[in-house]
Amino acid sequence: MTEQDRSGAESLVQTFVDAGVNVCFANPGTSEMHFVAALDSNPDMRCVLGLFEGVVTGAADGYGRMTGMPAATLLHLGPGLGNGLANLHNAKKARTPIVNVIGDHATYHRKYDAPLTSDVEGIARTVCHWVKVSETADAVAGDGALAVEAALTPPGQVTALILPADTAWNRTRARAAPLSRVAARPYSDGSVGEAARALRSGEPCVLLCNGHLTSERTALLDRIARRTGSRWLADTFIPRMQRGAGRVDTQRLPYFGEQAAEVLAGTRHLILVSSQPPITFFAYPDKPNWLTPADCALHVLVERDRDIDGALAALGEAVGIADTPAGVLALQRPALMTGALNPVSIGAAVAHYLPEQAIVVEEGGVSGGAAVQATRAAAPHDWLCLTGGSIGYGIPCATGAAVACPDRRVVNLQADGSGMYTVQGLWTQAREQLDITTVIFANRKYSILQIEFGRVGAHNPGPKAMSMLDLTRPELDWAGLAASMGVPGRRVTTAEEFNRAFAESMATPGPFLIEAVI
Ligand SMILES: Cc1ncc(C[n+]2csc(CCOP(=O)(O)OP(=O)(O)O)c2C)c(N)n1
């Protein structure tokens, strides 16, 4: 074989590698065998197997959040893509760049309605910003370059390239050089001026932000807020935030609408920074869902696909922050607790032992909040949130983040109910020997749903209804589950036991799971 004569799949893998896409999270089938062969033949492409497509797509999300580059995924026709949808939904909300490669039947086989025939394109359109079907082997390389370009279009997009089997196995001489990056749209001077006027008005102002909250961005926000006597807040769920010692404090809008409304009360100007007007997570009978106070003006400083850093710098200049330093936090390691094991004692231990530059993947459900508080001024770290409300993102996202950043410890704060959606990700962590510590909040229930049951006004919480929100009978054995997939696991029931297990994991390479019975 020469470079001039290779399979369509090989031309695609080479195109990806040339464009900097060099990790593929995969769960293949027969229609993807030529792509699998092509992965094998290219030494510059790392392949990571996930045993369920939700693991594959969630890992691509974690990888993309941490590197800013898309991972490829390999998914098996409509059903494989369908299994991966929930975490692609989360990735879409996070604006994570991802290039999904989805195999399909050979072009001449599609008309026969074989068992796996499905509307792959239709399914992909529900969660992808960009979808294309390659129709010939000669088109594959060029389509691959377009997919990467689309994925990297600011602020980041989820893309799908559908690859009929014959386009993967037919030979081609086509090749495609990487396309240049699409720049973020420029910010508007008019919007900067409007926001600056609001900030100088003397009336209460809040800057509300979403997107990646890098330490540079949060420092600018903090300086603008200090200079103008206003406040800045982050949305409730943020794809990536840099927090901890040496950075400024980040307050997020609370999840429950009543609390969020309280935080926003009295605001006369809400300035959106890569965000949208705040609304409640769900609508509830007889409760407000629009959280902007009635007499508050909304201003858009900058949309998510524009030059956010440029807009913030211009706003900083307009309000004169040159002599206003950011109020950065000094390192504060909370003391370890003893006695009862609960989210507070767990949060203290996590913050106490968190190593520098750790990556915290939070899907802690109702138990995660204490660790958020405890780690405010812990060693500097990155914090990733569930952005799309679709549970089962934590274990996969941690897996992808660890593949992206092999020198950093990943701590996955994981509620037990959510963890069970994609528990297979532990196997990938073991196979790849990733430095991930999974902390399972084993409260043995769907706690948030027990709370929401009352809040939505559903009445009569009888035993049948409550049994739908309860994870006992039988109880899950998380330490056993982990061990069966090659991850050492330990069940702990006291703060002292947790402290010891967590400290041990921080000092031991490879994956580890702590089942914290709370
Ligand atoms: C894909 C998906 N399915 C179902 C739900 C509904 N749901 C929201 S929270 C939850 C259970 C959460 O339980 P757990 O993860 O144990 O956290 P806890 O509330 O106990 O802290 C469920 C089923 C969802 N958000 N996403």
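Select E432 and R46 to begin: in this predicted model, the two residues form a salt bridge whose closest N and O atoms are 2.9 Å apart. E432 belongs to the loop between helix 16 (425–431) and strand 17 (436–442), while R46 belongs to strand 3 (residues 46–49), so the contact ties together parts that are 386 residues apart in sequence. Colour the pair by accessibility: E432 is partly exposed at a relative accessible area of 21%, and R46 is also partly exposed, at 32%.

Next, select helix 3 (residues 53–67) and display D61 and R65, which are four residues apart and thus separated by about one helical turn. Their side chains meet in a salt bridge with an N to O distance of 2.9 Å. Are these two residues buried or exposed? D61 counts as buried, with 1% relative accessibility, and R65 counts as buried at 1% as well.

Then move to R376 and D249, another salt bridge, in which the closest N and O atoms are 2.9 Å apart. This pair links distant parts of the chain, 127 residues apart: R376 is in the loop between helix 13 (369–374) and strand 15 (381–385), and D249 is in the loop between strand 11 (241–243) and helix 10 (257–264). R376 is partly exposed, its relative accessible area being 27%.

Finally, select R444, E475, D477, R491 and E515 together; a network of salt bridges links these residues. For the whole model, the count comes to 24 salt bridges.

Note on methods:
Residues numbered from 1 in each chain as written. Predicted model: local features only at pLDDT ≥ 70, side-chain atom pairs only at ≥ 80, totals over all residues. Heavy atoms only, no water. Salt bridge = Lys/Arg side-chain N within 4 Å of Asp/Glu carboxyl O. Helix = DSSP H or I, 4+ residues; strand = E, 2+ residues; numbered from the N terminus. Buried < 20%, exposed > 50% of the residue type's maximum accessible area, 1.4 Å probe, protein only.
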